[in-house]
Amino acid sequence: MNLKPETTEKIDKLVPRYPTKRSAALPLCHLVQEDQGYLSNEAIEWIAQRLELEPINIQEIVTFYPMLRTEPTGKYHVRVCRTLPCALAGAYQTCHRLEKELNVEVGHTSEDGLVTLEYVECHADCGRAPVVMVGEEEYTDIDPDKAGELAAKMKSGELSDGMPD
Amino acid sequence: MSQNGTVENVTINIDGQDVSVPQGTNIIEAVKMVGKGKEVPHYCYHPKLSVAGNCRMCLVEMGMPMKDRATGEAILDEDGNQKIGWMPKPTIGCATNAAPGMHIKTNSPMVKESRNGVTEFLLINHPLDCPICDQAGECRLQEFSAEHGRGYSRFIEDKNVKPKRTRLGPRVTLDDERCILCSRCVRFSKEIVDDDVLGFVDRGTYSTLTCYPGKELENNYSLNTVDICPVGALTSTDFRFKMRVWFLKRTNSICTESSVGANTEIWSREGKIYRITPRRNDAVNDTWMTDSGRALYKAVESEDRLTHYTIGGVHKTPEDVASAAVDLLKGGDVAMVASAHSSVEEQFYYKAIAERSRAKVSLVSHYGEGDGLLQSEDRTPNLRGALLTGLIDQLPEAELSPLARGINSGAVKTLLVVNEDVTALGISPDLLSKVKVIYVGTHTNDTAKDADIVIPSLMVFEKDGTFINQTFRLQKFKTAVPGPSGIRPDFMVLEKIAAPLADEKPAAVTLDEVWQRIAAKLESIQDSLTWRGIPDEGIALEPGALVELPFAETKNLKYDPVAFKEAQSAPAGA
Ligand code: SF4
Ligand code: FES
Ligand code: FES
């Protein structure tokens, strides 16, 4: 596993803070995913070993939480909120527009690897629904037209991928 | 626990009846103790595993005697009895331990409704394929659904579709649709075998039991998960679709794989064995057994079974071979290679034969690696029997070189071999041809092929008898299936050899009579013990001085050599 030194440092600090190593499983999943973009089998096995667990114990967690991914995302990771306020404000139309413009089905990564488009639950900015996240960047009040503009900027590569560096 | 190691009892009230149960007993076990077939239905709870509390089938109502919070005094009703404060919601019995004065209702309307509700939920996505399911007939879900199900479904949506035949390991196949996610199999693998390969992936209705990619459920205990799966999700790949369980006859038996002597049940029909499962014995094997032990019955039908009494390769009657054997044995210069696979009764006879023909007895060890659970280092079921019957007085040898020297020097002229291939133990075929050989055994081998007299013997599944296991526990096994046609139980033929050697007339003995003789003769066995009197769960014998022998077994599930020795030397009653 090729983890960034900062990640390893964070992990080494984190693990001893729990009375049993097992309790650090979920935070470790997040840290490794942040580092790697997703949790490969290699990553799962690494975490298990780090916490003196069996890989299946980590696999259970990874498949349980939708925030944890087992496959890499496209360059842009687009998450459209569809919880009630956003849904009422037209999140589904927003998403359909993105699907069409980016030529990708929601829940999938486009063939060219440019975008991964997903529905998620509340981003906690319901007052400015519909809310879309690209990477860690938040875009609010995204009606279908604004969604079209976002899509165009992704295709041209102007848009930041929203990933902290 | 109190200081002298005994558990104190507490009195609780179950459905209006006071019962006294050991402290720490949970409600499922407490209700079982009431008897009369009373049971709290449950799926995920298993007496030998940790409590998970996930199936919610065991819901009961619970109340505690009411006390005034300020003064701590009991609150009484009009009749002067202490009032019971019932909890407003039901509670799971598996995770509730008996406490003094606790009241439990196992049959109230609320409890019944809870069970009905849980059953309805469990059946929502269940395929209801009982007609083709191996578990039918021994399925807890089927049984409880008959009692607590509604008989028709209110569910109009499509059911979940999941894989029907996932290979979890070489011997276990998973039908995912039937799994009720009780996690018994997961806990078993982790807690008992320490092989944590199973787990649930995904969420909600998609939850699926699986092994981590690249791993398999392949430990030697994997088939126990099939036994404890309360539904038909985990099935034995070998037994799958072979036979309906209600057609099968169950016979108590003992596993012969090692000196552990796991208690088993043989499932057979019309003389054919279909499977072997463990039988609970908390002093021996809890509720488990090895996969390898379950496969031993396959040798019953193997091609190389000995099926005829022969002299010089010619078929004879048992009487003929017995008298031919007597003639040889009377000729003197006899040696015997005895077996720790023989039953106690047979060993008792071999001892008599050895005494009467002044034979020197050797016994060869069959040691392997122990797994620390239910497969001990000694891969024979009855070494302690050979010692207690006096057939041998020291631990077995690794091979037979002293015997080989005896044959070479001409000191041995007749060799009685029981179930061993001596040609693999230091006696070359050349050497063997120098002596007359009487072979007694279940299967043929190079020794049997050259033997002058062959006496076929029955396998453990085909006869009655007893073994003495690593903790000197006398355990009995019963006839599950008939042996090859015409083959008599070993002790009957041995009687025909032993009696004439002492110039007696052979009697038509039964096992009861053999046991009268054994009980009268052997010191370590109580005179009053009869064959019928040996309980199904076995009986602990006094090892006496034998306990000092350096036995091969190391610590395993129910045996700790050091603790065992200490317990034997401690004065009785302490
Ligand atoms: S396979 Fe059987 S034992 Fe394992 S979780 Fe499912 S129902 Fe329970
Ligand atoms: S509902 Fe979409 S951000 Fe809260
Ligand atoms: S047996 Fe109690 S919850 Fe399953």
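Predicted model: local features only at pLDDT ≥ 70, side-chain atom pairs only at ≥ 80, totals over all residues.
**Notes on the two-chain model**

1. Residues are numbered from 1 along each chain as its sequence is written, and chains are lettered from A and ligands numbered from 1 in the order in which they are written.

2. On the domains of chain B, the assignment gives domain 1 (9-117), domain 2 (121-301) and domain 3 (310-568); such bounds come from an automatic or database domain assignment. The C-alpha centres of domain 2 of chain B and domain 3 of chain B are 36 Å apart. Between them, these two domains bury about 2700 Å², with 58% of that from carbon and sulfur atoms. (Buried area is the accessible area, 1.4 Å probe, that two parts lose on being put together, summed over both.) On the domain 2 side, B:Thr256, B:Ser259 and B:Val260 lose the most area to domain 3 of chain B, together 22% of what that side buries.

3. Still in chain B, have a look at helix H8 (residues 344-356) and helix H14 (residues 511-521), which pack at an angle of about 65° with axes 10 Å apart. Helices here are DSSP runs (H or I, at least four residues) and strands likewise (E, at least two), numbered from the N terminus. Axes are lines fitted to C-alpha atoms, for helices over the stretch in contact, and angles run from 0 to 180 degrees between N-to-C directions. H8(B) passes H14(B) in a left-handed crossing, meaning the near helix is turned anticlockwise from the far one by less than a right angle; clockwise would be right-handed. Residues making the contact include B:Phe348 and B:Tyr349 of H8(B) and B:Trp515 and B:Arg517 of H14(B). By class, the contact has 7 nonpolar, no polar and 4 charged residues. (Ala, Val, Leu, Ile, Met, Phe, Trp, Tyr, Cys and Pro count as nonpolar, Asp, Glu, Lys and Arg as charged, and the others, Gly among them, as polar.)

4. Over to chain A, which has 7 helices and 5 strands. Its domain assignment gives domain 1 (5-64) and domain 2 (76-156), and the C-alpha centres of those two domains of chain A lie 29 Å apart.

5. Chain A has a helix pair to check too: H2 (residues 25-36) and H4 (residues 55-64) pack at about 70°, with axes 10 Å apart. H2(A) passes H4(A) in a right-handed crossing. A:Ala25, A:Leu26 and A:Cys29 of H2(A) meet A:Ile58, A:Ile61 and A:Val62 of H4(A). That contact has 6 nonpolar, no polar and no charged residues.

6. How do the chains meet? 13 residues of chain A are in contact with 14 residues of chain B. The two chains bury about 1100 Å² between them, 53% of it on carbon and sulfur atoms. A:Ile56, A:Glu60 and A:Thr63 supply 42% of the area that chain A buries against chain B, more than any other three residues.

7. Finally, two backbone spots in chain A. The A:Ala129 to A:Pro130 peptide bond is cis, with omega near -15°, and A:Pro130 is in the loop between strand S3 (115-120) and strand S4 (132-134) of chain A. A:Ala124 is also found in the loop between S3 and S4 of chain A, and phi of A:Ala124 is near 70°, a positive value in a residue other than glycine.

Conventions: Heavy atoms only, no water. Contact = heavy atoms within 4.5 Å.
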